[in-house]
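Let's walk through this one together, going from the whole chain down to single residues. Have the viewer open as you read.

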Amino acid sequence: MESQTIVEALLLGLLEGLTEFIPVSSTGHILLAGHFLGFHSTGKAFEILIQLGAILAILSVYFRRLWKMLLELPYDRLTRHFVIGILIAFLPAAVIGALAHDFIKTFLFESPRLICIMLIIGGVVLLAVDRMNLKPVYHDVERFPTRLYLQIGLFQCLSLIPGTSRSGSTIVGALLLGVDKRAAAEFSFFLAMPTMVGAFAFDLFKNRNVLTSADLPIIAIGFVAAFVSALIVVRFLLDFVSRKGYSLFGWWRLVVGGLGLVALMIWG
C-alpha cells in the first residue's frame, strides 16, 4: 500500500465526512477529487463503502434518541408514525437506485463534467430557495403527515445523479413543502440512516466478487476519516442552519462546480 494512496484515502475520507450531511453532494466531491488525484477504487466501491463511517457518526450522535424510539415503538403511536414515515421516504430512492445501479455506477459516476454541472444547478436552486419568503408549517419531524414523508422521499430520488446531493435534494424538497430549516436538516439526518445503510449493503453485495483484501486497508482509512469529520459536522449543523440558512452551501456548490469545469477544460 503506497503512502500516496494512504494520503489520498485519508483526504477523501475527510471530504466524505465533511460533506455527507450538508447539501453540497459528498459523492460529487469525492468523485471529482478522485478524478483529479488519479485515485481509482475497485468497482468505485471505496466511494460508497466509506459512507459507513458517516453512518456510524450520525448513529452515535442520535443513539439515545434512537434507543428511546426503539423502546417506545411497540406501544407509542407517534413513534410508529415517524418510523413508518422514514421507511416510506426511503423506499422511492431505494427501488430506483437498485434498478438503475449499474447505469449510475458505470456512466454517471464516470462523468466529472456532469457532476460539476449538477453542483452549479443545485447551488442556484439552493440560493433561490433559501431567499424565498417561505412560511413553514411543519416544525416537528415526528409529526409530518404521511404524504409529506413520501413527497420528501420522491425528492431524494434526484440525488441518484452524482453532484445533486442526497441531503440537498431532501432539504430543498422539505423547504418547498413547508418544513422549517432546522426540521428539514434533521429529517435529512434521519432519512440518511436507512438510505446510506442500504446503499452500503447493496454496493458491498454487488462488489463482493471483485473486492480483495488489498482494498480493505484503504477503505478502513477512509472510513475512520469519514467518521471523525462527520461527527463534527453533525454536532454543529442544525444550530448553524437555524441561524444562517443554506446560502453558504449554495455558494460553495457554485465555486466548486465552476472551478471543476475550469480544471476539466485545462487538464481534462
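This is a predicted model: local features need pLDDT of at least 70, side-chain atom pairs count only at pLDDT 80 or more; totals for chains, interfaces and linings use all residues.

A residue is called buried when its relative accessible area is under 20%, exposed when that area is over 50%, and partly exposed in between, using a 1.4 Å probe and protein chains only. Residues are numbered from 1 along each chain as its sequence is written, and side-chain values use heavy atoms, with hydrogens and water left out.

Now for the overall build. The chain has 13 helices and zero strands; here helices (H or I, at least four residues) and strands (E, at least two) are DSSP runs, numbered from the N terminus. The C-alpha trace spans about 50 × 40 × 35 Å along its principal axes. The chain's radius of gyration is 18 Å, which agrees with the value near 18 Å for a compact globule with 268 residues; this radius is taken over C-alpha atoms, and the globule rule is 2.2 Å times the number of residues to the power 0.38.

In the model, residues 217-238 are 100% helix and 0% strand, with end C-alpha atoms 33 Å apart. Residues 45-62 come out at 89% helix and 0% strand, and their end C-alpha atoms are 27 Å apart.

Next, zoom in on Leu-127, which sits in helix H8 (residues 112-131). Is Leu-127 buried or exposed? Its relative accessible area is 9%, so Leu-127 is buried. Leaving aside residues up to four places away in sequence, Leu-127 touches Ser-247, Gly-250, Trp-251 and Leu-254, where a contact means heavy atoms within 4.5 Å. Val-197 is 70 residues from Leu-127 along the chain, and their C-alpha atoms are separated by 30 Å.

Finally, check two serines in loops. Ser-25 lies between helix H1 (3-19) and helix H2 (26-37), and its phi is near 75°, a positive value in a residue other than glycine. Ser-165 lies between helix H9 (146-156) and helix H10 (166-176), with a positive phi near 95°. Ser-25 is buried, with a relative accessible area of 4%, and Ser-165 counts as buried at 4% relative accessibility.
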